[in-house]
Amino acid sequence: MKTILQSCALAASLLLSSVSAYAAKDGGTLAFLVQPEPPTLASYVSTSGPIGLVMPKVYEGLFDYDNDGKMIPILAESYDMSGDGKTVTFNLRKGVTWHDGKPFTSADVKFTIMEVLKKVHPRGPNSFREVTSIDTPDAHTAIFNLDNPAPYMMRSFSAYESPMVPKHLLEGQDVKSAPLANNPVGTGPFKFVEWKKGQYIRLDKNENYWQEGLPHLDRIVGRFIPDASTRTAAMENGEVLYAAYNAIPNIDAVRLKERDDIGVTTDGYSMINPMALIEFNTKEGAFVDPAVRRAISTAIDRRFMIDTIFFGYGKPATSALSSNFKATNLHAEMPNYPERGDVAAANAILDKAGFKKDGDGVRMTAVLDLIPYGEDWRRAGEYMKQVMGDIGIKLELRYEDVPTWLKRIYHRYDFAMNINYFYQLPDPVLGVHRHYGTNQIRKGTHFVNSSRYSNPTLDALLDSGSKEPDAAKRTATYKEIQTILANDMPVVNLFELQFLTVYNTKLKGAYGSAMGAYGSFREAYLDE
Amino acid sequence: MTRSSKIFKYVGKRLLQGIPIILAIVVINFFLLNLAEGDAVDVLAGEAGSATPEYMAQLRAKFGLDQPLPVQLMVYLKNVATLDLGYSFRHDMPVSDLIFDRFAATGLLMTSTIILAVGFGVLLGLLAAMRLNTWKDTVITVFALITYATPLFWVGLMMIVVFSLKLGWFPTSGMENVAAFYEGWDRVKDIAVHLVLPTITLSLFYLALYTRMMRASMLEQYGQDYVITARAKGLTERRITFVHVLRNALLPVVTMAGVQVGALIGGSVIVESVFAWPGLGMLAFESLFARDLNLLLGIFMLSSILVIAVNLVVDIIYCFLDPRIEVS
Amino acid sequence: MQEFWGRYKRNRSAVFGLVVIILVVLMAGFADLLYAFDPFRLAGKPLSSPGTNGFLLGSDSLGRDVAAGIVHGAKTSLLIGLVATMVAVFIGVLFGAFSGYYGGRLDDLLMRVTEIFQTIPSFIFAILLVAIMKPSIASIVIAIAVVSWPSVARLVRGEFLALKNREFVQACHTLGMNDLRIMMREILPNCLSPIIVVGSLMVATAILIESGLAFLGLGDPNIMSWGFQIGAGRTMLRSAWWVCTFPGIAILITVLAINLVGEGLNDALNPRLRERN
C-alpha cells in the first residue's frame with residue numbers, strides 16, 4: 001500500500017515538475033535596446049520607430065495579429081462585418097481598466113478613432129478615411145459606419161498602428177500637446193513609470209491587467225545606447241536581452257548567431273514590409289527620361305548590395321510591391337528589376353536613348369542624396385556612385401542631416417536621386433500608394449510623392465484598387481499598376497529589407513505576435 | 001592699495017564685464033544656429049512618419065518659430081533675463097530641467113578625468129624633464145603620444161572588449177545598472193563602477209597634453225638664468241626643481257587645465273557616445289541635429305558662464321604663481 | 001642653419017620622426033604611382049583579410065582596397081592638419097601677442113572675443129560649423145581652425161604677460177625699440193617653445209578631429225581620407241578589424257612623427273638646453 005502511494009506521489013510530482021518546466025516563470029526585469037531614443041511617447045501622434053518599441057506595451061489596440069496573419073482579440077473580443085462591408089460592429093472586452101483605474105469603454109474607442117487617429121495620426125486619416133461615424137449603443141459595443149468598404153482597415157488595429165487612448169485624459173485638450181504624451185496611461189500589460197532622458201524608459205508590471213496571469217515580467221526597461229559596437233557588447237554581456245530593427249549591426253548579428261545563448265530571427269516584420277528604393281526627380285534634372293531610370297534599375301546589382309551591406313539579409317525587389325504581398329495575391333513579378341545587374345544592357349539602353357558618352361566616358365552628372373538614418377545607407381550610396389560610373393553617370397555624394405535633407409527633398413524638390421526606404425505596411429493602400437498618386441504630390445509633406453510622378457491612368461487604377469472588394473479583380477488591378485510602374489519607374493525599388501531581431505535565448509514568449517518588437521510582450525518571460 | 005584689494009577690484013570688474021559678454025555670446029550663437037537649415041518642426045515631422053504642411057505650420061506657430069528672427073531673439077533674451085532658459089519643444093520639458101538632469105553626469109566624468117589627467121600628467125612630465133633624454137623620458141613621451149594619437153572610440157571600444165567582455169570587471173555602458181535600481185550607498189558604488197572605463201578612456205587622451213606641456217615647460221624653466229644662479233649658489237637640484245622651477249613651469253599647465261575645464265560641457269561627445277554616458281555633450285550633439293535650438297542655446301550659455309568663471313580663476317592663479325604678473 | 005641642424009640631429013627620436021614624415025609625404029605625393037586607380041573603386045572581394053585576394057592590407061565591406069585608401073588618404077589628412085593648424089596658430093599668436101603686450105583695454109577686448117569662441121564647446125562648435133557649411137574638406141578645415149586658435153591665443157598671452165615686465169624687455173624700452181619689434185623680435189622667440197609644442201600637437205589634433213567628425217558621420221564622402229576610412233569601418237572593429245585599424249595606425253604613426261619633430265624643433269631652438277645634455 002505504502003509503495004503504491006509512494007509511486008503515485010512520485011508520479012504526481014514528476015508530472016507536476018514537467019508541467020511547470022513548460023509553464024512560464026513570473027518575475028524578472030527585461031532590459032532591451034531602444035535605438036534611437038524616441039522624441040516623444042505619444043504613439044497616437046507619431047509612428048516613429050523607437051516609440052513603437054516601447055508604447056505598444058503600455059497602450060493596446062483592438063486586435064493583435066499572429067505570425068499567420070490571424071487577428072487576435074485584445075481590446076475587442078470579436079467583430080461582425082455587414083455584407084456590403086460598410087458597417088463593422090466591434091464587441092469590446094469587458095472589465096478592462098486604464099492604468100489610472102477608470103474603465104475602458106466604447107466612448108474611448110469612438111474618441112480615439114474620430115478625434116485622434118483620424119485627425120493627428122500620420123496614417124490614421126488614410127487608414128480610417130472611410131469611417132464617417134461611430135455609434136456606441138452601450139459601453140462595450142462600437143459600430144463603425146463606412147462610406148465605402150475598406151478591407152485594408154482591418155489590418156491596422158494593432159497597438160502600434162492604432163493605439164486606444166483614454167478619452168478622459170485627452171478630451172477638451174490640444175491632442176498634439178497634451179500631458180498624456182510623456183505620462184502615458186493605457187490599458188496594456190505594463191505601466192509607464194519613468195523616462196530618464198539619455199538613459200532608459202522604465203515600465204512596471206500592470207497588476208490589474210485584464211488577462212489573468214499576465215504579464216509574467218516584473219519590469220521592462222528600454223535602454224538607449226548610441227554606439228553600435230557598444231550595443232553589441234551589451235548584448236554579448238547579457239546586459240540587454242533583446243534588440244530589434246537592426247539595433248545590432250548585421251555584421252555583429254552574423255557573428256553572434258554562432259553562440260548558443262543568442263538567437264537571430266527575421267520574424268516579426270511581416271506587417272512592416274520595408275523596401276529600399278531610389279526616388280527620382282521626374283520633372284527636372286538628369287533623370288526626367290524614364291529610359292534613364294530603367295537603365296539605372298538594370299545596372300544595379302541588388303544581390304551584391306544585399307550581401308555586402310546587409311550581409312545577406314534581404315530579397316531583391318521584383319516589382320513596385322514587396323513579394324510579401326504574394327500572401328494576398330497582389331504581387332506580380334516584373335521586368336527591369338534584375339537581381340544581378342547588367343551593365344552592358346544598361347549601357348545599351350542609354351546609347352539607344354541618345355545619351356552619348358563624352359571623352360571621359362561621362363554621359364551626365366548628378367548629385368546623389370541619401371537617407372541620413374544609419375551608416376548602411378552610406379555604403380549603398382558609395383556603391384551606387386561606382387556602378388553609375390560604369391554606365392557613364394557621374395555622381396557626387398551628398399550627406400546631410402535629417403532636417404536639411406527633409407527640406408531639400410520634400411519641401412524644395414531640390415534633388416535628382418534620393419536613396420530611401422519605406423514601410424509598405426500590410427496593404428499597398430497604406431504604404432505604396434503614397435509614392436505614385438497625383439493627389440500625393442503635396443509639397444511640404446514628408447514621405448509622399450516626391451518624384452512628382454503624375455499618371456491619370458495609374459491614378460484611376462490606384463483608386464479602384466483601394467476600393468475593390470473582390471479579390472480576383474483586385475489582383476488584376478494591381479498587376480496593371482505594377483506593369484505601368486515597371487516601365488515608368490519614378491521610383492526604382494532596390495530590395496526588400498529583412499530586419500533582424502537579436503535576442504538572448506533566456507527570453508521566451510516574446511515571439512508570438514506578427515508585430516514582433518512592436519508587440520506588447522505580455523507573454524514574455526525569462527527562463528534562466 | 002593692497003594686493004588683495006586690487007584683486008577683488010579686478011574680480012569685480014571682470015564679473016561685470018562678463019554680463020555683456022554672455023549677452024553677446026547668446027546673440028551670436030542664436031544667429032549662428034539659425035544658419036543651419038531646417039528647424040525642430042521638420043525633424044519632429046520627419047520622425048513622426050508624416051505631417052501635413054498645415055500641421056507643421058500649427059506647430060511652428062505654437063513654438064514661436066514663425067516669428068521673424070529678431071523677434072524670436074528678443075523673446076529669448078527677455079526670458080533669459082528672468083533666468084528662464086526656455087522650453088525644449090522636442091523633449092517637451094523646460095530646458096533648465098534637461099540641463100540640470102545631465103549636468104551631474106557630465107560633471108562627474110569631467111572632474112574625475114581632469115583630476116586623473118592633470119595629476120598624472122604633471123607627475124609624468126616632471127619625471128620626464130628630470131630624467132631628460134634617458135630611457136625613462138623616451139618611454140613617457142612615446143606613451144603620451146600613443147595614447148593621444150589613438151582614436152578615442154577605438155580606445156573606448158578596446159576598453160569595453162578587454163575589461164568588460166573578456167574580464168568582466170566592469171559594465172559595458174551606461175551610468176547605472178538599469179535592472180537593479182539601487183538606492184543610497186549601493187547606488188553610489190554602482191555609478192562609480194560605471195564611471196571607471198569612460199574616465200580612463202578620456203584621461204588617457206588628455207594625459208598626453210599635460211605630460212608634454214609640463215615637460216616642455218620644465219625644460220624651458222631649467223634654461224632660465226635664475227636656475228643657473230641658483231645652482232651657482234649651491235642649492236640642491238631637488239630644491240631648485242620643487243621650490244622654484246615647478247611653480248613657474250605650472251603656468252602653461254594651468255592655462256591648459258583652465259581651457260579644459262572651460263570646455264567641460266562639450267566634454268567628449270565621442271566617449272559619451274561610446275559608453276552611453278548621459279552627459280551634456282551628447283545632449284548638445286542630438287539637439288543640434290534635432291534643431292532644438294532652445295536647448296542648444298541653453299547649453300551654450302551655461303558653457304559660456306563656466307568659461308568666463310574659469311578664465312577668471314586662472315588669471316588669479318597666475319598672479320599667485322608669478323608675482324611679476326600684474327593684474328591691470 | 002648648420003648649427004640648428006647640428007643641434008637637431010642630436011635628438012635621435014626627432015630625426016626618426018622627420019624621416020617618417022618625409023616618407024608619409026612621399027607616399028602621399030606618389031599615390032597615383034603606387035595605386036593608380038580610384039581608391040573608391042570596388043576592387044575585389046569584400047572583407048578580404050590582409051594578404052588575401054591581392055589586397056595587401058585587406059578590403060572593406062564594399063571591396064575597396066584599404067592600402068589604396070591609406071596612400072591616397074594621406075594627402076587629404078596631411079593637408080587638413082597643416083592648413084588648419086597654420087591658420088589657427090597665425091590668428092592665435094596675433095591675438096595673444098597684442099593682448100598680452102599691450103594689456104589694458106585692448107587686452108580686455110581681444111580676450112573677450114577669444115572667450116566668445118572658447119565658450120562654445122569646441123567639438124560641438126566644430127560639428128555645428130560643419131553641419132551649417134555642409135560636410136566637405138573645406139568646411140572641416142575651417143571648423144578645425146576656428147575651434148583651435150583660442151587656446152593658442154590664451155597661451156601666447158600668458159607668455160607675453162610673464163615676459164613683458166622682464167628686465168630684458170625693459171632694457172629694450174630704454175633703448176627706444178618700437179613695440180612691434182619688441183614683440184616679434186624679442187618676446188616671441190622666447191615663447192616659441194610652448195607655441196611649437198602646441199602647434200605640433202595641433203596638427204595631430206586636426207587629423208584626430210577629422211577622424212572624430214568622420215566617426216560622427218560628418219566627413220566628406222567624395223574625397224578619400226583616413227578619417228573617412230575609420231568612419232566607414234568603425235562598426236566592423238570586432239569582425240573585420242583591418243578596415244579601420246590600419247588607417248588608425250597610419251594616423252598614429254603620422255601623429256607620433258609630427259610630435260617627435262616638434263620636440264626636436266623645441267630642443268634645437270632652445271639653446272639653454274645644451275647645458276642639460
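This is a predicted model: local features need pLDDT of at least 70, side-chain atom pairs count only at pLDDT 80 or more; totals for chains, interfaces and linings use all residues.
1. Where chain B meets chain C, the contact takes 53 residues from chain B and 50 residues from chain C. On the chain B side, the elements that give two or more residues are helices, including helix H1 (3-34), helix H8 (184-222), helix H10 (237-262) and helix H13 (293-321) of chain B. The residues on that side of chain B divide into 35 nonpolar, 14 polar and four charged.

2. Chain C is also in contact with chain A, through 17 residues of chain C and 19 residues of chain A. The residues on the side of chain C that touches chain A divide into nine nonpolar, five polar and three charged.

3. Chain B itself has 13 helices and two strands, and its C-alpha trace spans about 85 × 60 × 40 Å along the principal axes. Of the 328 residues in chain B, 48% are buried, and among its contacts with a separation of 6 or more, 73% are between residues 24 or more positions apart.

4. In chain A, helix H11 (residues 376-390) has 15 residues and reaches 22 Å from its first C-alpha to its last, which is close to the 21 Å expected at 1.5 Å a residue. Among the buried residues of H11(A) are A:Asp376, A:Arg378, A:Glu382, A:Tyr383 and A:Met388, and what covers the buried residues of this helix includes helix H8 (290-299), helix H9 (302-309) and strand S15 (364-370) of chain A. Just after H11(A), A:Gly392 takes a positive phi of about 90 degrees.

5. The bond from A:Gln35 to A:Pro36 is cis, with omega near -10 degrees, and A:Pro36 lies in the loop between strand S1 (29-33) and helix H2 (49-54) of chain A. The bond from A:Leu214 to A:Pro215 is likewise cis, with omega near -5 degrees, and A:Pro215 lies in the loop between strand S9 (200-205) and strand S10 (219-223) of chain A.

6. Which phi does A:Phe311 have, although it is not a glycine? A:Phe311 has a positive phi of about 55 degrees, and this residue is found in the loop between H9 and strand S14 (314-316) of chain A. A:Phe311 is partly exposed, with 19 other C-beta atoms within 10 Å.

7. B:Arg291, which is not a glycine either, has a positive phi of about 50 degrees and lies in the loop between H12 and H13 of chain B. B:Arg291 counts as buried because 27 other C-beta atoms lie within 10 Å, where 20 or more are required.

Key: Residues are numbered from 1 along each chain as its sequence is written. Chains are lettered from A and ligands numbered from 1 in the order in which they are written. Two residues are in contact if their C-beta atoms, placed from the backbone, lie within 7 Å. Helices (H or I, at least four residues) and strands (E, at least two) are DSSP runs, numbered from the N terminus. Ala, Val, Leu, Ile, Met, Phe, Trp, Tyr, Cys and Pro count as nonpolar, Asp, Glu, Lys and Arg as charged, and the others, Gly among them, as polar. The expected span of a helix is 1.5 Å times one less than its number of residues. A residue is buried if 20 or more other C-beta atoms lie within 10 Å of its own, exposed if 12 or fewer, and partly exposed in between; C-beta atoms are placed from the backbone.
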